[in-house]
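This report concerns side-chain contacts and a pocket. The sequence and the structure are shown first.

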Amino acid sequence: MNRSPVVTRVHLIEARDVAKSFGRTPALRGVSVTVSPGEILAVMGPSGSGKSTLLHCLAGIFVPDLGEVWFDGQRLDTLGEAERTRLRRTAFGFVFQFGQLVPELTAADNVALPLLLNRVRRRVAYKTAGTWLDRLGIGDKGANRTGELSGGEAQRVAVARALALAPKVIFADEPTGSLDSLTGVKVMDLLTGLAREAGTTVVLVTHDAQVAAYAGRVVMVRDGLVSGDLGAAGEQVSVAKSAK
Amino acid sequence: MRHALLALLSGGPKYGMQLKEEYEGATGDAWPLNVGQVYTTLQRLERDGLVESNDAGEDERQRDYRITGRGQTELENWLTTPPGPGSPPRDELTTKVLVALRVPGVDVHDVIQAHRRQIVELMQQWTGFKQEEAELDLPFALMVEAELARLQAVVKWLDVADRHVRRAAKKPAQAPGPKLRRRVVVRS
């Protein structure tokens, strides 16, 4: 049976009792988590807690040893490699800490590349790339090789590339990990602001509370298990501003 | 608050109520002020020769305050002087974690994690203000960033504290040694 009415109705992504080990080292020891459509979820935990492994399982990059992963009513962990690759190319966008851009290509090439791989016409792909680079505030950097850009600019190109595909989900693994604090905040403002605008679901992994605070919900992971789930942020900060 | 009132008076003479409103505006409305507090502080500033007022009889509301030359010097010195050396400030959260170490049956790790969760939730709410209001007024924007920076520092401390607690839990129990008396003073 490959369908779950619960999953299709309520959650865009669901992991059920997912376990994953690398050799004898367990990274996940039975994690269950759900992500609703349009939700921005942060998975937070210290180094080695299993949070990146969880993201890779949710995105169909890793296949769990035990448990199930569902995406949009479809069981992901039992799909073949080719089908998971197709999903990753069409429905998911990725923002990683390092190494996701081709340094020899220009910013516009990097953003257009996944669109071209998805058989979008060249002219349309480059027009879309230009639009997204503009929205990320780096429209003037389109012709620059990404290897020549600053860390913050390169990460904005990565965000533009992820959003340009109009994915259902963006998976971001320590998206600000290589940036200074101020640049990181700017990238998070743009990533979450534009994702909310587009209704894109975001799953982001971070050890940084300031980055996690951009999410509507925060799941804490420790020692391969979920150690806490903070619900949607309320409006209870007691400053006079909130009463205005 | 003394110096905040002096700062507001450096822009020109003002009434107590006006100072209350300007103080709240200047702190992004995050620190509401009792008008009684304002008048008490103004009286002390006047006693110390840092402000002066017109004679309005008994009606405090009609009294117009202005900064004196001494007040101006005091303000300029205060703005450029770093906070003085002293013991670390007594902070409620730090106290709770330190006290939890001595309460039998309390898991300090759980105490730390409970606070950590609450602080991350608070950070979500403050970050929400930034996202909801594209154009924050400057004082409130600074207040939001100050609070986020403070909360982030607390989370970092809790993470380090948790690591220490976990490490200590792995060590074999030791008999208590002689009590050390330390006075921590950070000198500038």
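## Basis of the report

The model is predicted. Side-chain atom pairs are counted only at pLDDT 80 or more.

## Salt bridges

Over all chains, the whole structure holds 27 salt bridges. One of them joins Arg88(A) to Glu81(A), with 3.3 Å between the closest N and O atoms. Arg88(A) is buried at 18% relative accessibility, because the limit for burial is set at under 20%. Glu81(A), by contrast, is partly exposed at 45%.

Another salt bridge in chain A brings together the side chains of Glu153(A) and Lys141(A), at 3.6 Å from N to O. This pair links distant parts of the chain: Glu153(A) belongs to helix H6 (residues 151–164) of chain A, whereas Lys141(A) sits in the loop between helix H5 (122–135) and H6, 12 residues apart. Lys141(A) is partly exposed, with a relative accessible area of 22%.

In chain B, the side chains of Arg2(B) and Asp48(B) form a salt bridge of 3.2 Å, N to O. The two residues are 46 residues apart and link distant parts of the chain, with Arg2(B) in helix H1 (residues 2–9) of chain B and Asp48(B) in the loop between helix H3 (35–47) and strand S2 (51–53) of chain B. Arg2(B) is partly exposed at 30% relative accessibility, and Asp48(B) is partly exposed at 24%.

Salt bridges with shared partners also build one network, made up of Glu14(A), Arg16(A), Glu68(A), Arg75(A) and Asp77(A).

Phe94(A) lies in strand S6 (residues 92–95) of chain A and Phe171(A) in strand S7 (residues 169–173) of chain A, so their contact ties together parts 77 residues apart in sequence. Both members are buried: Phe94(A) has a relative accessible area of 17%, and Phe171(A) has 0%.

Trp126(B) and Phe140(B) make a tilted pair, at 6.5 Å centre to centre and with 35° between the planes. Trp126(B) is part of helix H6 of chain B and Phe140(B) of helix H7 of chain B, so the pair ties together parts that are 14 residues apart in sequence. Trp126(B) is buried at 4% relative accessibility, as is Phe140(B) at 0%.

## Aromatic cluster and a charge over a ring

Phe94(A) and Phe171(A) also belong to one aromatic cluster with Phe71(A), Phe92(A) and Phe96(A). Elsewhere in chain A, Arg135(A) lies over the face of Trp132(A), 4.7 Å from the ring centre.

## The second largest pocket

The second largest pocket has a volume of about 750 Å³. It is lined by 34 residues, of which Pro46(A), His207(A), Arg116(B), Asp159(B) and Arg163(B) are the closest to its centre. By class, the lining comprises nine nonpolar, 13 polar and 12 charged residues.

Which elements each supply at least two residues of this lining? In chain A they are helix H7 (181–198), helix H8 (209–212) and strand S9 (217–222), and in chain B helix H6 (108–132) and helix H7 (138–170). H7(B) gives the largest share of the lining, nine residues.

Technical notes: Residues numbered from 1 in each chain as written. Chains lettered and ligands numbered in written order. Predicted model: local features only at pLDDT ≥ 70, side-chain atom pairs only at ≥ 80, totals over all residues. Heavy atoms only, no water. Salt bridge = Lys/Arg side-chain N within 4 Å of Asp/Glu carboxyl O. Buried < 20%, exposed > 50% of the residue type's maximum accessible area, 1.4 Å probe, protein only. Helix = DSSP H or I, 4+ residues; strand = E, 2+ residues; numbered from the N terminus. 1 Å grid on protein atoms, 1.4 Å probe; cavity = no way out; pocket = protein on both sides within 12 Å on 5 of 7 lines; lining within 4 Å. Points joined across faces, edges and corners; volume = space filled by probe spheres on them. Nonpolar A, V, L, I, M, F, W, Y, C, P; charged D, E, K, R; others polar. Phe/Tyr/Trp six-rings, centres within 6.5 Å; stacked < 30°, edge-to-face > 60°. Lys NZ or Arg CZ within 6 Å of the ring centre and 35° of its normal.
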